[in-house]
Amino acid sequence: METGGKPFYTPDKPCLIYSCAVLERGGSSCAGCGALPCGIWQETRDPQFTDEAFSESIRQRIQKLKEENIC
């Protein structure tokens, strides 16, 4: 599931991004976090991505947050 750096949740598994961004830091997304890309983004990596595809995914997610003026 692509979140674009925004939190999500499912009934069977808590979202690590949600837990960090909202519960721990009081935000609504990863925007503004000085630790991007953090270990949570690595932990939630789609295993089908190559290293190059994963790096590009991170670049795109950070760019999207910046374009929305929330990062």
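In the protein chain, where is confidence lowest and where is it highest? The lowest mean, 73, belongs to helix 1, and the highest, 89, to helix 3. Confidence here is pLDDT, the predictor's own score for each residue, from 0 to 100.

This is a predicted model, in which local features need pLDDT of at least 70 and side-chain atom pairs count only at pLDDT 80 or more, while totals for chains, interfaces and linings use all residues. Residues are numbered from 1 along each chain as its sequence is written, and side-chain values use heavy atoms, with hydrogens and water left out. The protein chain averages a pLDDT of 76. At least 70 is reached by 73% of the residues.

**Overall layout**

The protein chain has three helices and zero strands. Its elements run α-α-α from the N terminus on. Helices (H or I, at least four residues) and strands (E, at least two) are DSSP runs, numbered from the N terminus. Of the 71 residues in the protein chain, 27% are buried. Buried means under 20% relative accessible area, exposed means over 50%, and partly exposed lies in between (1.4 Å probe, protein chains only).

**The core**

The largest nonpolar core has 12 residues, among them Cys15, Cys30, Cys33, Leu36 and Trp41. Such a core is a set of buried Ala, Val, Leu, Ile, Met, Phe, Trp, Tyr and Cys residues joined through side-chain atoms within 4.5 Å. Helix 1 (16-24), helix 2 (39-43) and helix 3 (51-67) each supply at least two residues of this core. Helix 3 gives the largest share, four residues.

Cys20 is one of the core residues. Its place is in helix 1. Cys20 is buried, with a relative accessible area of 13%. Ile40 also belongs to the core.

| Pair | Apart in sequence | C-alpha to C-alpha |
|---|---|---|
| Cys20 and Ile40 | 20 residues | 8.6 Å |
| Arg45 and Ile58 | 13 residues | 9.7 Å |

**Helix 3**

In helix 3, Phe54, Ser57, Ile58, Arg61, Ile62 and Leu65 are buried. Seen down the axis, the buried residues of helix 3 fall within an arc of 125 degrees, so they line one face of the helix. The arc is that of the directions from the helix axis to the C-beta atoms. On the other side of helix 3, Glu52 and Glu67 are exposed.

The charged end of Arg61 sits over the ring of Trp41, 4.4 Å from its centre. This counts when NZ of Lys or CZ of Arg is within 6 Å of the ring centre and within 35 degrees of the ring normal.

**The loops**

Pro37 lies in the loop between helix 1 and helix 2. A cis peptide bond joins Leu36 and Pro37, with omega about -10 degrees. Arg45 is in the loop between helix 2 and helix 3. At 22% relative accessibility, Arg45 counts as partly exposed.
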